[in-house]
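Have the model open while you read.

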Amino acid sequence: MKYQVDERGYYGKFGGAYIPEMLYPNIEELRMNYSLIIDSDEFKNDFEDLLKNFVGRPTPLYFAQRLSEKYQTKILLKREDLCHTGAHKINNAIGQILLAKRLGKEKVIAETGAGQHGVATATVCALLGMECVVYMGEVDMNRQKPNVERMKILGAEVRAAKSGSKTLKDATNEAMRHWINNPFDTHYVIGSVVGPHPYPDMVARFQAVISAEIRQQLQEQEGKNTPDHIIACVGGGSNAAGAFYHFLDSNEVNLIAAEAAGLGVSSGKSAATTQLGKSGILHGSKTLLMQTDDGQIIEPYSISAGLDYPGIGPMHAHLFDAGRAEFFDITDEEAMQAGVELSKLEGIIPAIETSHALAVFGKRRFGKEEVVVLNLSGRGDKDLETYIRWGKY
Amino acid sequence: MGEILKMSTQEQVINRINDVFDQKKDILNVYFTAGYPMFDDTIRIARNLQNAGADMLEIGIPFSDPLADGTTIQESSSKALANGMTIHKLLDELKDLRKYIELPVLMMGYLNPILQFGVNPFCEACECVEIDGLIIPDLPIEEYIDNYKEIFTAHGIHNIFLISPNTSEERIRQIDEWSDGFIYMVSSSSITGAKKGLESKQLSYFNRIDQMNLKNARLIGFGISDHVSFSQACRYAHGAIIGSAFINQLKNDASEKAIKNFVTSIKK
């Protein structure tokens, strides 16, 4: 259990719960209850039922033959893009909202960057009859109009975060402020493995369905239950946490994380946190953060809104620090090329977040006999406009 | 016996904060953001507040992502950062602080900028410019006790803890045990500047805490904006803290006269 959270809420030297006293009762209520609830048979039944019948799980572990031929290795794609709402985000939304119901909460708030987590949360709130408010940076609302409308159709209220840089980090600030102002009847559904303990662990456990399925599917398809490598993209890092989860302590499995380099790590327009970040505190946890020497948070940049976050989950900060995972920084250009390549070779248009993971094949050699699982975290429908603007296909 | 006594006195910080509660009542603590509205306003505003009759000062260290603060204070922080304010520059400005200011002075700031400066160097610098206390909203108490208390104490600095209406009695007793300056009572479950005035349920929370016979003095903050709310707070605690209302004042008019009028209108 070397890479799992410890009883104080830390992954190595990262994690913890750096929250104002006003949030202490909310976080304490979660911390005291989340494991008990998640581990109960009744909860597991409801969670598994919705994952199967509403989300469409298990998602396939698909042998990508033409991509494998091109890169001379055996590539299996974990098809999270086939989940209802188009990405892995729904796994966590279902888990947390079922949990919120058991804690007696009536209202749900969430933050969203590109809108995928907001749409997933609004979807599950509609399904389970919860009131839903989603905070979204004003800048992102203009960039991601269709997702704003999706959330509204699903009955959610979308509130513009107008403070600071008006993007994901500010939407997160606003959601936390809302929670401080509404401590009793509201649950805050954080969308990634970030935030104060127990969020990183809780979100990782809801996303761990991904690695649980990979294990079982590998056993059935390959006759062994571990791959040689797992690749996933990392913004906050929820899809990577889910894909890595059951393999964290299996050292024979090489973990590979792809971060968004934007226009290049040293261009000043990047979101490659492990390259550019230093240990610090934001949104309730100690982790690697992009910041000035004076400790002010730097606004990151990536072509992919889902990777456009100045931090990284504390689990990933620890995996980086401990050398447990390989980290690659992928530029906008490399990601876009990899996305188009998958589209042409396999008939799958991936989300641009996922394209960062795919670009690792152009940067690192894998053995011909090795089995490489790539977590195909989302589909590219939402990114059509970006593909069109990029134009090189 | 002598040894134990000596140790406990060494661990106890006594500074201007303790003195002010011994000497005065109905303490008015005024918050303002360093470097706002103009970069070099910090000392000037502190002097104006002292002349106007404030009893304690709380200087905000601007941060890009102030989680516990509302729009007013966040905007003042953004402006201060745009003006070029940093912890280094602030501490530099404060070198002359004690030439002019006799009042107890606190600094309020989020943990990340302090961590990047270095906790030890920061406390050393605070001691150097004779800062009496720190309020760090996102530094949890347990973390403070384990990793910070020793450093703060060595530099004669009080760490001020917050309590809110939802803080359990057990935790309040614990906080009282760990505090040695005063306890910052957040008046409602809210961020700063969220609500104006005080409602009856807040008054009953003030009363509940008043009846607990805590060893520490208490100041009430969040939602204190005028004479009425200030005097209500003073009925149940040793005074109150005004932040957002003063920042709004500075936004409209930051002149010495306006500051004088503001403080007078609160204290009357």
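1. First, the terms: helices (H or I, at least four residues) and strands (E, at least two) are DSSP runs, numbered from the N terminus. On that basis chain A has 16 helices and 14 strands.

2. A word on provenance. This is a predicted model, where local features need pLDDT of at least 70 and side-chain atom pairs count only at pLDDT 80 or more, while totals for chains, interfaces and linings use all residues. Residues are numbered from 1 along each chain as its sequence is written, with chains lettered from A and ligands numbered from 1 in the order in which they are written.

3. How much of chain A is buried? With buried meaning 20 or more other C-beta atoms within 10 Å of a residue's own, C-beta atoms being placed from the backbone, the figure is 60% of the 393 residues.

4. Now contacts, meaning two residues whose C-beta atoms, placed from the backbone, lie within 7 Å. Among contacts in chain A with a separation of 6 or more, 73% join residues 24 or more positions apart; for chain B the corresponding share is 77%.

5. Turning to chain B, there are 15 helices and nine strands. Its radius of gyration is 17 Å, close to the 18 Å from the globule rule for 268 residues, so chain B is as compact as a globular protein of that length. Buried residues make up 51% of chain B.

Conventions: The radius of gyration is taken over C-alpha atoms; the globule rule is 2.2 Å times the number of residues to the power 0.38. A residue is buried if 20 or more other C-beta atoms lie within 10 Å of its own, exposed if 12 or fewer, and partly exposed in between; C-beta atoms are placed from the backbone.
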